[in-house]
Amino acid sequence: MSTNAELIAIGNEVLLSNYRQAPIVLDHGKGCELWDVEGRRFLDLYGGIAVSALGHAHPALVHALQTQAGKLLHASNLVWNEPAVLLARKLVGLTRPAAGGPPALARAFLCNSGTEAMEACVKLARRHAFLKGETQRTRFVAFKNSFHGRSMGALPLTGTPKYWEGFGADLERVVHVDFGQLDQVRTYLEAHPREVCGIVVEPVQGEGGVLPAQPGFLAGLRALADEFGALLIVDEIQTGIGRTGRWFGYQHAGITPDMIPLAKGLGGGMPIGAMLVKESLNGVLGPGTHGTTFGGNPIACAAALAVLETMEKDDLVARAAETGEYLSSKLREVAKKLPGVFDGERGVGLLRGLIMARGVEARQMLAAARDKGVLLSVASERVLRVTPPLVIERATIDEAITAIEAAAATITVPSPRDTQPSR
Ligand SMILES: Cc1ncc(COP(=O)(O)O)c(C=O)c1O
């Protein structure tokens, strides 16, 4: 058996140095607990960045993977396969309005990651305009501080300049306006009539610091998209699959997007993405126009199906809403107790952010919490993101909160004259 240090030394030599990994090598997990290769236990409050919806080694997911692995791992898109068909049916069914009727988003394109799902949305929006003869309609409206992925199609939508630098992102075709400012969207659309093919928005800006959209914002975007002939793309990659206490973040706003990209929680840890679109958009990407070898891969789809069925059976979406409230109240208590370190909390469901006080970096707290046995992630420089598996129990939250409080007590609080305003 190798130690953390031995494996990290090898990794540092042979893996591309594009990540800033914590100095631990995870080995295995069970529920919301994880162990590194040296047997040290951690509580999972980051969920693999909002991915591990069912926690680790969930029996239903393990069973689905083992069964499918023994049957058929890969088929390609030259043929149909059962898990892909059943997953697509299940996914579109989740967009059925509460009042009944057909699914709001009736067609699924299956792929392998969030970025790929977003890329598909970009291509579909552009081609939709092209097929209507509106060849000048190639631009997107997106928002400052957003994150939509890092491929050359998704990257320019991402509204955080540090991700663009040196990559030749096609920023000409995207305008980034302030998140929440409908008047800025309108101003741009009025100045560029018939040029915008899509408006892209996160219901909660995740990577940008866990910033929920203001009430009425998504509905306002829906109305503007309709008025100006653009498609509304709601990026549900982080907010989808129950994370916010509804199946999809847009459902809180009572609107229907034209398309949503999904990934993260969908596979419960297996890499899979999906784009769901309205029935009227089926046909825009006709045979041969778009695809991917691994998309709809049977084992990834079997995993996603097991995740969705388990979530339904165990009522995990409602539980995420309830547990999210509990987590929020506990984080608020900690923030109140330690105003030198924290400046409050925010979020929806089990997508929460603990805001750092002026002068305290989220990375400092991240390391301190890890030292006390709790794994978290950061979202912007000032926000510690809390995205546990949706199966997390109150007792685990309590244990984690005690550890976070102990970790916060080890942070050196800067003197007021050294501080910067927090965003
Ligand atoms: C809102 C949002 N969009 C897109 C992405 C990119 O997804 P992926 O990392 O699976 O490519 C992410 C990932 O963090 C995300 O949070």
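In this briefing, Ala, Val, Leu, Ile, Met, Phe, Trp, Tyr, Cys and Pro count as nonpolar, Asp, Glu, Lys and Arg as charged, and the others, Gly among them, as polar. With that in hand, the shell around the ligand divides into 2 nonpolar, 6 polar and 4 charged residues. The model is a predicted one, where local features need pLDDT of at least 70 and side-chain atom pairs count only at pLDDT 80 or more, while totals for chains, interfaces and linings use all residues. Residues are numbered from 1 along each chain as its sequence is written, and side-chain values use heavy atoms, with hydrogens and water left out.

**The ligand and its neighbours**

- Which residues are around the ligand? They are Ser113, Gly114, Thr115, Phe147, His148, Gly149, Glu202, Glu207, Asp235, Ile237, Gln238 and Lys264, where being near means having a heavy atom within 4 Å of the molecule.
- Polar contacts here are pairs of N or O atoms within 3.5 Å; within protein, one must be able to donate a hydrogen and the other to accept it, and residues adjacent in sequence count only if both atoms are side-chain atoms.
- Gly114 has a polar backbone atom 2.8 Å from an oxygen atom of the ligand.
- The side chain of Lys264 places an N or O atom 3.2 Å from an oxygen atom of the ligand.
- Asp235 has a polar side-chain atom 2.7 Å from a nitrogen atom of the ligand.
- On its own the ligand has 390 Å² of accessible area, and the protein covers 83% of that; accessible areas come from the Shrake-Rupley method with a 1.4 Å probe, and for residues only the protein chains shown count as cover.

- Cavities and pockets are found on a 1 Å grid over the protein atoms alone: a cavity is a set of points where a 1.4 Å probe fits but cannot get out, and a pocket is an open set with protein on both sides within 12 Å along at least five of seven lines. Lining residues have an atom within 4 Å of a point.
- Grid points are joined across faces, edges and corners, and a volume is the space filled by probe spheres set on the points.
- By this rule there are 2 cavities of 30 Å³ or more.
- The largest cavity holds about 40 Å³ of space, and its lining consists of Ala50, Ala53, Gln238, Gly240, Ile241, Arg243, Lys264, Gly265 and Leu390.
- At least three residues of that lining come from each of domain 1 (4-57 + 315-418) and domain 2 (72-313), with bounds from an automatic or database domain assignment.
- The second largest cavity, of about 30 Å³, is lined by residues including His128, Lys132, Glu134 and Arg137.
- Helix 5 (residues 114-131) gives the most to this second lining, with 3 residues; helices (H or I, at least four residues) and strands (E, at least two) are DSSP runs, numbered from the N terminus.

**The second largest pocket**

- About 1100 Å³ of space lies in this pocket.
- Its lining has 37 residues, and Asn77, Trp80, Ala108, Phe109 and Leu110 lie nearest its centre.
- Helix 4 gives the most to the lining, with 5 residues.
- The lining divides into 20 nonpolar, 15 polar and 2 charged residues.

**Backbone points to check**

- Most residues other than glycine have a negative phi.
- Ser76 has a positive phi near 80° and sits in the loop between helix 3 (59-69) and helix 4.
- Asn145 has a positive phi of about 75°, in the loop between strand 5 (139-143) and strand 6 (174-177).
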